[in-house]
Amino acid sequence: MKHPSIPKKNKKPLASKPRPVQQKASHARRLIKKQKPVKKKITQSRAKITESFYGAKKPFFVKEFGDKSEYNNGYDRTAQSLHSEAFEKFVEADKEYFQRTGLNIDVNKSNARRSIRRQAELYTLKRWFGQGNPTDRPGHSLHNYGLAVDLIRTNENTLVEIMGNHGWTREKPHEPWHFEFTGSDAHGRAKNKINDLKKSNSPTTKWWNAMDNKFKKEKELESRTETYELQLSDYNAGFDEYDEWEKLYTIDVNEFNAWYKELEKDLVAHNQEVANHDKLVKQGNTWLAQIEAMEEGDAKDRELAEYDDWKARMDRDFDILNGNADTIDADFAWAEGRALELDNEFTQLEERLVELTELGNSLNGEFDALKVLEEEIKNLEHKADALLNELEVLVQNI
Ligand SMILES: [Zn+2]
């Protein structure tokens with residue numbers, strides 16, 4: 001009887017191996033610094049403005065009460081800050097008023113001489129924050145020269161008359177409390193100086209322009225800082241999300257690569273088994289050839305029966321090997337799909353990183369611009385301060 005040799009069906013060819021996923025996330029590109037937000041330094045509170053113009057010290061204010069029957073020099077000590085001649089005449093008026101009424105003349109809220117800085121403060125508070133009464137610009141008020149005083153009891157005829165007796169007159173119809181020392185040359189000189197200071201190139205006008213500019217820029221800084229902080233917080237949230245995403249991606253990639261390594265080991269073992277099997281089949285074919293060459297008879301039949309048993313085992317082994325090959329093929333096909341998924345995920349990560357990088361760059365640019373703005377504001381403050389110093393010198397020489 002004829003026995004065919006074992007067919008060379010062996011295992012099916014395996015699908016091409018997918019490449020293992022590379023972890024490509026380029027950390028080097030994540031160079032964006034998370035910037036600290038620009039510190040808000042908008043000084044809208046009155047306290048802060050007062051402090052910036054006036055320093056920590058409070059205006060000097062002393063009031064004394066004494067015997068009413070005889071003049072007691074209990075004049076309002078605020079008046080001591082006045083121009084010397086104006087002060088002298090104020091005390092004379094105070095004496096006359098005391099002799100007639102038993103009272104001293106009270107200066108309202110220390111408003112005799114007003115420093116340039118106090119004037120600037122009052123002007124700024126009204127102009128920018130709507131607080132207080134309309135006030136002259138620094139250097140434009142006779143208070144700055146010690147030649148004006150604001151009084152309490154302003155509608156009292158006796159007071160107006162006595163003040164008038166000593167060179168102090170009411171000059172502003174809408175400010176009945178405001179008296180000026182018109183009875184001196186200093187008044188005329190101060191008026192001329194004020195007219196000079198009202199010109200377009202004077203320190204006062206320059207100061208006012210600088211302050212105008214400063215407040216405009218402060219408002220701009222405030223609003224831009226707010227926008228910047230919102231963007232920065234979005235940006236940081238975006239990066240947190242990205243970090244979390246990247247972490248999960250890294251875990252997935254590591255798991256996939258470990259699993260893929262096992263799969264490759266399985267493949268190597270399988271190929272080894274196939275090679276061993278091929279070797280056995282080759283030996284079997286040699287064996288069959290020897291049997292075929294034997295003479296007919298019982299011995300040959302016995303050998304053939306043994307060979308048939310062996311061949312049946314080989315066929316079962318082939319089936320098992322083919323089944324393994326199917327499993328490995330399917331695993332590789334799945335790996336191919338998973339690698340593609342991970343690649344896509346990586347592409348998304350990269351796109352997000354590019355987005356974040358662009359946002360970060362624009363935030364860095366905006367941060368720099370805000371710092372420039374802050375620097376400009378600081379310079380304007382210095383400029384305004386220098387101009388106030390200049391004004392202080394100018395009004396002291398009257
Ligand atoms: Zn006044």
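Helix α2 (residues 84-101) and helix α4 (residues 157-165) have axes that come within 9 Å and cross at roughly 140°; axes here are lines fitted to C-alpha atoms over the stretch in contact, with angles from 0 to 180 degrees between N-to-C directions. That makes the pair oblique, since angles under 35 degrees count as roughly parallel, over 145 as roughly antiparallel, 65 to 115 as roughly perpendicular and the rest as oblique. On the α2 side, the contact (heavy atoms within 4.5 Å) uses Phe90, Ala93, Glu96, Tyr97, Arg100 and Thr101, and α4 brings in Thr158, Leu159, Glu161, Ile162, Met163 and Asn165.

This is a predicted model, where local features need pLDDT of at least 70 and side-chain atom pairs count only at pLDDT 80 or more, while totals for chains, interfaces and linings use all residues. Residues are numbered from 1 along each chain as its sequence is written, and side-chain values use heavy atoms, with hydrogens and water left out.

As for α3 (residues 116-129), its 14 residues should span 20 Å at 1.5 Å a residue, and the end C-alpha atoms, 19 Å apart, agree with that; the expected span is 1.5 Å times one less than the number of residues. Glycine 130 follows α3, with a positive phi near 65°.

The axes of α3 and helix α6 (residues 203-293) come within 12 Å and cross at roughly 45°, so α3 is oblique to α6 as well. Ala120, Tyr123, Thr124, Arg127, Trp128 and Phe129 of α3 meet Trp207, Trp208, Met211, Asp212, Phe215, Lys216 and Lys219 of α6.

Terms used:
Helices (H or I, at least four residues) and strands (E, at least two) are DSSP runs, numbered from the N terminus.
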